[in-house]
Amino acid sequence: MKKIISLLAACALMLGVLSGCADSSKPQEDTNQMQRYTAAFYDVFDTVTTVIAYSDSQETFDAQMEALHEDLMQYHQLFDIYNEYEGMVNLATVNRTAAQGPVKVDPRILDMLLEAKEQYKVTQGQTNIAMGSVLVLWHDAREAAVDGIGIPPEQALLDEASAFTNIDDLIIDAEAGTVYFADPNLRLDVGSCGKGYACEMTARAAEERGLTSALISVGGNLRSIGTKPDGRFWTGGVENPWDPEAMGNTGKTLAAVNLKDNGAMVTSGDYQRYFTDAEGVRYHHLIDPDTLQPARNCNSVTVITSDSGLADCLSTGLFCMTPEDGLALVESLDNVEAFWCLTDGTTQQSSGFANHMVQN
């Protein structure tokens with residue numbers, strides 16, 4: 001699902017760079033012959049992936065970006081629920097065939113699904129990858145909208161589809177590496193976790209290949225690697241969901257945040273993927289599992305933790321919870337902080353969020 005975060009000190013990424021290049025717009029911040037490079041990709045997860053990194057040469061950076069892009073493309077195809085690819089069993093294949101019998105899947109699919117099932121319990125059912133039968137109705141309604149105006153699905157159809165969203169019907173055999181649907185009408189939708197998981201795994205692989213200083217944004221799912229060469233943290237910003245003119249403006253963020261040593265930051269918001277009905281009511285993509293309607297508890301939730309996949313799952317779940325329940329959940333978790341933009345125009349933050357904020 002679409003998660004949007006401003007990148008502070010990263011305006012070069014917004015220029016639509018197609019390949020890595022040295023950033024000569026400002027003095028280099030290197031201390032050991034490390035130079036700053038940027039890259040962007042437009043063909044994975046239906047969003048823009050941007051990377052800022054420090055490297056010892058253009059050649060080294062280009063090799064890193066080629067491998068990083070290949071990793072992301074693999075995850076994009078594996079987690080695609082709409083298209084199948086030759087020679088690959090992906091989630092579209094699983095949705096089509098898993099009710100017929102156990103389907104052998106790639107370990108990356110298996111690990112992501114296991115993590116998603118765990119986060120279902122952590123978020124008290126608010127992040128549920130088994131809601132595909134409901135979410136496809138909302139997806140089709142968004143796709144059918146004309147000039148941003150559409151018709152929401154009928155509640156009766158949503159209620160009918162909700163009968164097929166029991167995550168216990170997703171049977172995973174970790175030892176055999178298989179997935180099976182006990183309900184033939186079950187359908188997976190991993191928009192709440194797939195992109196964040198891919199961002200995390202891609203960052204870890206890049207680190208293993210020797211990348212030591214970078215900021216990766218996969219459609220706004222931020223993951224830092226190390227620090228800048230001078231020891232400063234990479235930073236991200238919480239966008240203002242109430243001011244359309246502030247979107248993408250790093251000078252108008254509500255909070256600037258340090259991503260300390262391999263930190264992750266993800267925002268779920270109601271201001272990007274949506275349509276309105278003829279009366280102007282907004283219907284965004286973050287669907288409350290209880291009402292089957294767009295959640296109305298807040299306008300955005302930002303999560304900071306050390307794992308992008310976890311942050312992705314939590315931001316979705318917290319968005320669908322009441323601010324009170326969400327805050328209680330965050331306070332019960334280790335190494336997790338969150339920031340809410342509430343529907344009354346106020347904000348709420350967990351007790352340790354301020355410790356991550358950039359001090360002016």
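**Strands and rings**

A: Happy to! E3 and E7 pair in the antiparallel sense over 5 bridges; strands pair if DSSP finds at least two bridges between them. Strands (E, at least two residues) and helices (H or I, at least four) are DSSP runs, numbered from the N terminus. This is a predicted model, where local features need pLDDT of at least 70, side-chain atom pairs count only at pLDDT 80 or more, and totals for chains, interfaces and linings use all residues. Residues are numbered from 1 along each chain as its sequence is written, and side-chain values use heavy atoms, with hydrogens and water left out.

Q: Thanks! What stands opposite leucine 215 in E7?

A: That's isoleucine 52.

Q: And which strand does E7 join through 5 bridges, running antiparallel?

A: Strand E8, residues 221-225. The hairpin of E7 and E8 has 2 residues between the strands, and its glycine 219 takes a positive phi near 60 degrees.

Q: Why is E7 called largely enclosed?

A: Because 5 of the 5 residues of E7 (residues 214-218) are buried, the rest of the structure largely encloses the strand. Buried means under 20% relative accessible area, exposed is over 50%, and partly exposed is in between (1.4 Å probe, protein chains only). Ala214, Ile216 and Val218 point one way from E7, Leu215 and Ser217 point the other way, and all are buried.

Q: New topic: how many aromatic pairs are there?

A: The structure holds 8. One of them is tyrosine 54 with tryptophan 234, a tilted pair at 5.9 Å centre to centre and 45 degrees between the planes. Rings of Phe, Tyr and Trp (its six-membered ring) pair if their centres lie within 6.5 Å; planes under 30 degrees apart count as stacked, over 60 as edge-to-face and the rest as tilted.

Q: Where do tyrosine 54 and tryptophan 234 sit in the chain?

A: Tyrosine 54 is in strand E3 (residues 47-55) and tryptophan 234 in strand E9 (residues 234-238), 180 residues apart, so the pair links distant parts of the chain. Tyrosine 54 is buried at 1% relative accessible area, and tryptophan 234 is buried at 2%.

Q: What about tryptophan 138 and tyrosine 283?

A: They form a stacked pair, 5.9 Å centre to centre with 25 degrees between the planes. Tryptophan 138 lies in helix H4 (residues 132-144) and tyrosine 283 in strand E13 (residues 282-284), so the pair ties together parts 145 residues apart in sequence.

Q: Are those two buried or exposed?

A: Tryptophan 138 is buried at 0% relative accessibility, and tyrosine 283 is buried at 12%.
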